[in-house]
Amino acid sequence: MSWCCFFCLQWATLRMERGAKEKNQQLYKPYSNGIIAKEPASLEQEIQEMRRSGSGLGGAEFDMSDIFYFCRRGVESIVDDEVTKRFTAEELESWNLLTRSNYNFHHISTRLTVLWGLGVLIRYGILLPLRYTNIPGVVTVLCFSGRMKSFLSEKVHLMCYRICVRALTAIITYHDSENKPKNGGICVANHTSPIDVIILASDGCYAMVGQVHGGLMGVIQRAMVKACPHIWFERSEVKDRHLVAKRLSDHVADKSKLPILIFPEGTCINNTSVMMFKKGSFEIGCTVYPVAIKYDPRFGEAFWNSSKFGMVNYLLHMMSSWAIVCSVWYLPPMSREEGEDAVQFANRVKAAIARKGGLADLLWDGGLKREKVKEVFKEEQQKLYSKVLVGGEED
Amino acid sequence: MGSRASSLLREEDIEEIKKETGFSHSQITRLYSRFHSLDKGENGALSREDFQRIPELAINPLGDRIINAFFPEGEDQVNFRGFMRTLAHFRPVEDNEKNKDPSAGEPLNSRNNKLLFAFRLYDLDRDDKISRDELLQVLRMMVGVNISDEQLGSIADRTIQEADTNGDMCISFSEFIKVLEKVDVEQKMSIRFLH
């Protein structure tokens, strides 16, 4: 039934595209070009260039035109910056007939509105109820799984996650399964939504790591822990990095325990980029199995914008999408090399994941979703500019 | 269907902004989208905190001065019109605009207005001249703790000496223009807006 859905959707998309071309309509908004085109030149390059072409006051360390660089860069970042757009769902070139995924979509034709209306009927009237029927099964299995022996519990867990996958109509393509994570290692992946867990866990068994939540998530977490050892932290413990590192090390040292699944970004990003990996999991010194997950935005928006939607709302959106189509790539295992520190190792793994998944590789911290940027970055900019000023004096 | 964002911007408003700023229809709607995404309070106006939430702007040494340029004297909120009016300074100068009717008033993105924008970044108290003190303060923002007071002071003195023609130890706007007459302001203070 899911394959049927998939092919229907492919066909529908193609028809829409063809139809639009016939009518020469603006079905596609070329958002992939962005609002502005930025110059990639560095601070030193730009300022030196300005000085050379400018007032020609030879040897002057400071020029009043230096301000133009900061001014322009500042306004460019107001119009379009690399970070804030990663925390909301990606703007799509073509509308995927879902209510929520396009912010600037204008009314194009009645035919499209009718198609969308039909889509709403199908999604909420047919697909959603069908998917809901899976939930009682999942809940029952979870509740009873705690009492089973571990070998059975593995099978049960896989089955449970696979039912979840069906509940969401997730169509997942796994690549390079020979690189699947093994016991005594850590699996790291880019994070887009809680569904990442379901997607990975339906293809292998992992020990989860995460903060203890309240509400629905908390219930699920407690049920899971009864069956096999997961590592849940209290919020207060998370701050104690040594405690965290010790628990993780102990876990991987025990070869009988399942590989740990970690999302080093620490928060959900919108699947267009990979943001800074927190170095904690890379300090432990065991084999790291990177995994890249890329969702196809044409059929459903998987990103969880936790400031906008709660978990229940999010699940509703997921289960009323057309489908969750994604690709999972298991990358070859990596280990820390001689002379490489945890941060460099983390960046190397991040680059590999970004490359495989076709995502932008950013140095910015995903924590910027909620926190202010650290002063130290501004101080770096100031240092760079000071070098330009003082360096001129030595000439 | 469609979005709250675009439906709040009426066609008449778009036309007025087009006339005032020279942006195209599609640029205005895209910038409205951006305005809306920055407006976390969803009250149709941006506050200083909304701007400071942009990491790349927060690490810009002159970030606060740039943010200030968006807010009219004494106000804490900027609406979409004000936002566009300020951004319009950074529109590239097009050749066909130079032939436009001069009685229509100077366009926001003229060389003069671009220079005025930069001048106001230096002019902290908005008294139309840059004093030594103001220049020092802006310089301090740009270099942080990496240059000593004496060195910075001598840089400021030298700059004022070279620019000041009427001997009042301040840089007026016309003196500012003179100093920068050879700089390609049109290019350095322009952003390439697409479509």
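Q: Before we start, what are the ground rules here?
A: The model is predicted, so local features need pLDDT of at least 70, side-chain atom pairs count only at pLDDT 80 or more, and totals for chains, interfaces and linings use all residues. Residues are numbered from 1 along each chain as its sequence is written, chains are lettered from A and ligands numbered from 1 in the order in which they are written, and side-chain values use heavy atoms, with hydrogens and water left out.

Q: Is A:Cys326 buried or exposed?
A: Buried, at 2% relative accessibility. Buried means under 20% relative accessible area, exposed over 50%, and partly exposed in between, with a 1.4 Å probe and protein chains only. A:Cys187 is buried too, at 0%.

Q: On to rings: how many aromatic pairs are there over all chains?
A: There are 21. Rings of Phe, Tyr and Trp (its six-membered ring) pair if their centres lie within 6.5 Å; planes under 30 degrees apart count as stacked, over 60 as edge-to-face and the rest as tilted.
A:Phe277 and A:Phe282 are one pair, and it is stacked because the centres are 5.9 Å apart and the planes at 15°. A:Phe277 is buried at 4%, and A:Phe282 at 1%.

Q: What about B:Phe35 and B:Phe83?
A: That pair is tilted, at 5.3 Å centre to centre with 55° between the planes. Both residues are buried. They also belong to a cluster linked by ring pairs, along with B:Tyr32, B:Phe51, B:Phe70, B:Phe71 and B:Phe80.

Q: Nice. Changing topic, how much area do chain B and chain A bury between them?
A: About 5800 Å², 68% of it on carbon and sulfur atoms. Buried area is the accessible area (1.4 Å probe) that two parts lose on being put together, summed over both.

Q: How many salt bridges across that interface?
A: Two, where a salt bridge is a side-chain nitrogen of Lys or Arg within 4 Å of a carboxyl oxygen of Asp or Glu. One salt bridge joins B:Arg34 and A:Asp81, at 2.7 Å from N to O.
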